[in-house]
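This report is for a reader who has not seen the structure before. Please look over the sequence and the model below before reading on.

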Amino acid sequence: MTHESSQQVVVIGTGYVGLGTVALLAHLGHRVTGLDIDAAKIEQLRRGEVPIYEPGLASLLAQQADRVHWTTDYAVVAQADVIFICVGTPPGPGGAPDLEFITGAAVGIAPHLSDRSQVLVNKSTVPIGTGDFVQRLLEEHSPHFDETRHFVVSNPEFLREGTALGDSLYPDRIVMGGAPEGVARLTALYAPLIEQTFAPPAETPRPESYLRPGVVGTTLQSAEMIKYAANAFLALKISFANEIAGLCERVGADIQEVATGIGADARIGPRFLQAGLGWGGSCFGKDTQGLISAGREYGYPMPILQAAIDVNYRQRQVVIEKLQRHLKTLKGKRIAVLGMAFKPNTDDLRDAPAHDLIQRLHAMEASVVAHDPVAMPRARREWPHLTYTEAPDPASALRRADAVVIATEWDEYRGLDWPALLLTMRRPLIIDARNVLRSPLLAQIEQFGREGPSSPAETVHP
């Protein structure tokens, strides 16, 4: 089979990774079936409705509609050349990933494997050794499994929510771990991506400086470790910047100047040195905990990774402390929270710092008003246990507020007329927890890693 040939692909799981994989492979010219056991989600996708927010995804899926089908029936596996597992691996007790969905996918696939050669690709983030575990499940539950014809390959994803399409189409590297024949088959599937011979989508043009991705071939275990180690290192880098930022505030240094200075060192680099509220989402916390759990299983403590987690979650309390320094008691105060998603350009609320802020502020008897350009409808479904009032726009959130916390760095918040908005607040206090504001007109602004105003915010409107 030449690499120009269209292959039949099944993608199991229709979350962020699964839908991105469907869109990518269809755009490369393959015939793709997205499979999910959630019938309501499949019906939604059949109607052309994408259940998550990711810039450009709905448009690309619509453009490739003739190559994409949706089903809940594992029988489609029998006709597949390549089968991708893209299901969730949420943290279980003690931080170890819960493999319930991986197990369910493998057991669902097994009876439908054909007696010809097929490749099963694990894109889910999984503990080291999961590839072997999946192969055992296939052996136990499939009448046709043969390790000379069926190959398990680890192909971790390195996508960033909000820029997932660009990361998929123009990756910096593609990691594939497993038996040489399985890796070769997956390499053939990815040939247009590796060689960059496809036509870029209009919404996601190829960057001018981009040439082609690096290809890293490894063992199953190394590929699984690469994913965990990469996310843990990025989490560590953010927590390091936040720890330095805390000292900067005390000695009069500016973390943004410090980050620029150390980021100019090619050995360090400027990315992931942004001080602020810390990371959230489905990856960094879960994957760092997953590595710590693996170390614990093998009697190997990992104190650096634990420190990264501790520093990260401390940042959420630092916001409360900054509010208390200015407002003293928070009881009865109106606090506006701008941003609910864990990062901009997504509606993903998993481990979002805003969740903890709203919860803690309510526990301290503050009145919370929240806004997000995209994530509020999802928050109604996923955060019914929280007490807050939705604001239709940022101006409504800030009106007569005692303070505002910028919890997500949406561009919309950078571009607000802040001097005018401050006049509508009871107190002109901004806790810029993402260090996004630059205006010298904002006298009452607290950021991370910079000296804040020396005096508490005074009441503007009684």
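## Nonpolar cores

The model is predicted. Its largest nonpolar core has 40 residues. Leu25, Trp70, Phe84, Leu186 and Tyr190 are the residues with the most contacts inside this core. Helix H1, which spans residues 16-27, gives the most to the core, contributing eight residues. In general, nonpolar side chains of soluble globular proteins tend to be buried together.

Leu25 shows what such a position looks like in detail. Leaving aside residues up to four places away in sequence, Leu25 touches Val9, His30, Val32, Phe84, Leu189 and Tyr190. Of these partners, Phe84 and Tyr190 are also listed among the residues with the most contacts inside the largest core.

## Helices H5 and H9

Two packed helices are described by the angle between their axes and the distance between the axes. For helix H5 (residues 130-141) and helix H9 (residues 220-251), the axes come within 8 Å and cross at roughly 125 degrees. H5 is therefore oblique to H9.

On the H5 side, the contact is made by Thr130, Gly131 and Asp132. On the H9 side, Leu220, Gln221 and Glu224 take part. Sorted by class, the contact has one nonpolar, three polar and two charged residues.

## Aromatic pairs

The structure holds six aromatic pairs. One of them joins Tyr170 and Phe198, whose ring centres are 6.1 Å apart. The planes of these two rings stand at 25 degrees, so the pair is stacked. Tyr170 lies in the loop between helix H6 (164-169) and strand E7 (173-177). Phe198 lies in the loop between helix H8 (191-195) and strand E8 (214-218). The pair therefore ties together parts that are 28 residues apart in sequence. Tyr170 is buried, with a relative accessible area of 8%, and Phe198 also counts as buried, at 8% relative accessibility.

A further pair is formed by Trp279 and Phe284, with ring centres 6.1 Å apart. Their planes are at 80 degrees, so this pair is edge-to-face. Trp279 is buried at 4% relative accessible area, and Phe284 is buried at 12%. Together with Phe272 and Tyr313, Trp279 and Phe284 form one aromatic cluster.

Definitions and conventions. Residues are numbered from 1 along each chain as its sequence is written. This is a predicted model: local features need pLDDT of at least 70, side-chain atom pairs count only at pLDDT 80 or more; totals for chains, interfaces and linings use all residues. Side-chain values use heavy atoms; hydrogens and water are left out. A nonpolar core is a set of buried Ala, Val, Leu, Ile, Met, Phe, Trp, Tyr and Cys residues joined through side-chain atoms within 4.5 Å. Buried means under 20% relative accessible area, exposed over 50%, partly exposed in between (1.4 Å probe, protein chains only). Helices (H or I, at least four residues) and strands (E, at least two) are DSSP runs, numbered from the N terminus. Contact means heavy atoms within 4.5 Å. Axes are lines fitted to C-alpha atoms, for helices over the stretch in contact, and angles run from 0 to 180 degrees between N-to-C directions. Angles under 35 degrees count as roughly parallel, over 145 as roughly antiparallel, 65 to 115 as roughly perpendicular and the rest as oblique. Ala, Val, Leu, Ile, Met, Phe, Trp, Tyr, Cys and Pro count as nonpolar, Asp, Glu, Lys and Arg as charged, and the others, Gly among them, as polar. Rings of Phe, Tyr and Trp (its six-membered ring) pair if their centres lie within 6.5 Å; planes under 30 degrees apart count as stacked, over 60 as edge-to-face and the rest as tilted.
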